[in-house]
Amino acid sequence: MLGGTGAGPARARVARRPRAGVRGGRGAAFALGLLGARLVDGAAWVADAVDLAARVAGADLVVTGTGVLDGSALEHGVVAAVAAAALPLGVPAVAVAAQLRTGRRDWGAAGLAGAFGVVERPGDEDRWRTDPAVALRERLPRIARTWSR
């Protein structure tokens, strides 16, 4: 065994081995590919494993979250997987993020019906850093008013 699963000394020794970084990871991925392994999108894999489409089908609204909603989050990861599950079913999906770094055109094109940032003003940043749960709780009433019937 090359190393343990924790952050102990065995793992540290593996991290110092030559080619244990990014380039070593590519080599390992290549070797695993030769053995039949394939790379898959993690969020899409989990969405399939938990049958997200069936869960979304029974919802009136789907809410997902991310730290930063940007182009990358709209293309890969949880937000993209949730939007991909909700859009074909006609179920609105909204994203809540600490920071929005994209506009309505981008998140709309990605299949989201709405996007909300928790950090909207300079003072919000401090509140988010010190107690994200409180910052999110303060933002939720506005989101609920937008999407309640």
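User: In strand E3 (residues 114–117), which residues point one way and which the other way?

Analyst: In a regular strand, side chains alternate between the two faces of the sheet. In this predicted model, Gly-114 and Phe-116 of strand E3 point one way, while Ala-115 and Gly-117 point the other way. Every one of these residues, all in E3, is buried.

User: How many bridges join strand E2 (residues 93–100) to E3?

Analyst: Strands of a sheet pair through backbone hydrogen bonds, and the pairing is either parallel or antiparallel. Here E2 and E3 run parallel and are joined by four bridges. Within this pair, Val-96 is placed opposite Phe-116 of E3. To pass from E2 to E3 the chain goes through helix H7 (residues 104–109), forming a right-handed β-α-β crossover.

User: In what order do the strands form the sheet?

Analyst: The sheet is open and has three strands, in the order E1-E2-E3, with parallel pairing. Strand E1 (62–69) and E3 are the edge strands; each has a single partner strand, so one side of each has no neighbour in the sheet. From one strand to the next, the twist averages 25°.

User: Over how many bridges do E1 and E2 pair?

Analyst: Seven bridges link E1 and E2, again in the parallel sense.

User: Is Thr-64 buried or exposed?

Analyst: The test is the relative accessible area, and a residue counts as buried under 20%. Thr-64, found in strand E1, has a relative accessible area of 7% and is therefore buried. Leaving aside residues up to four places away in sequence, Thr-64 touches Val-78, Val-79, Val-82, Val-94, Ala-95 and Val-96.

User: How many residues of helix H6 (residues 78–86) are buried?

Analyst: The same test is applied to each residue of the helix in turn. H6 is mostly covered, with seven of its nine residues buried. They are Val-79, Ala-80, Ala-81, Val-82, Ala-83, Ala-85 and Ala-86. The elements that cover them include helix H3 (42–49), helix H4 (52–57), E1, helix H5 (71–75) and E2.

User: At what angle do the axes of helix H8 (residues 122–130) and helix H9 (residues 132–147) cross?

Analyst: For a pair of helices, one reads the approach of the axes and the angle between them. The axes of H8 and H9 come within 5 Å and cross at roughly 130°. Over 145 degrees would count as roughly antiparallel and 65 to 115 as roughly perpendicular; H8 and H9 are therefore oblique to each other.

User: Which residues of H8 and H9 meet?

Analyst: On the H8 side they are Arg-127, Trp-128, Arg-129 and Thr-130, and these meet Pro-132, Val-134, Ala-135 and Glu-138 of H9. Sorted by class, this contact of H8 with H9 comprises four nonpolar, one polar and three charged residues.

User: How many helices and strands does the protein chain have?

Analyst: The secondary structure amounts to nine helices and three strands. Read from the N terminus, the elements follow the order α-α-α-α-β-α-α-β-α-β-α-α. Of the 149 residues in the protein chain, 26% count as buried. Among contacts with a separation of 6 or more, 53% are between residues 24 or more positions apart.

Conventions: Residues numbered from 1 in each chain as written. Predicted model: local features only at pLDDT ≥ 70, side-chain atom pairs only at ≥ 80, totals over all residues. Heavy atoms only, no water. Buried < 20%, exposed > 50% of the residue type's maximum accessible area, 1.4 Å probe, protein only. Helix = DSSP H or I, 4+ residues; strand = E, 2+ residues; numbered from the N terminus. Pairing = 2+ DSSP bridges. Right-handed = clockwise from strand over helix to strand, strands pointing away. Axes fitted to C-alpha atoms, helices over the stretch in contact; angles between N-to-C directions. Parallel < 35°, antiparallel > 145°, perpendicular 65-115°, else oblique. Contact = heavy atoms within 4.5 Å. Nonpolar A, V, L, I, M, F, W, Y, C, P; charged D, E, K, R; others polar.
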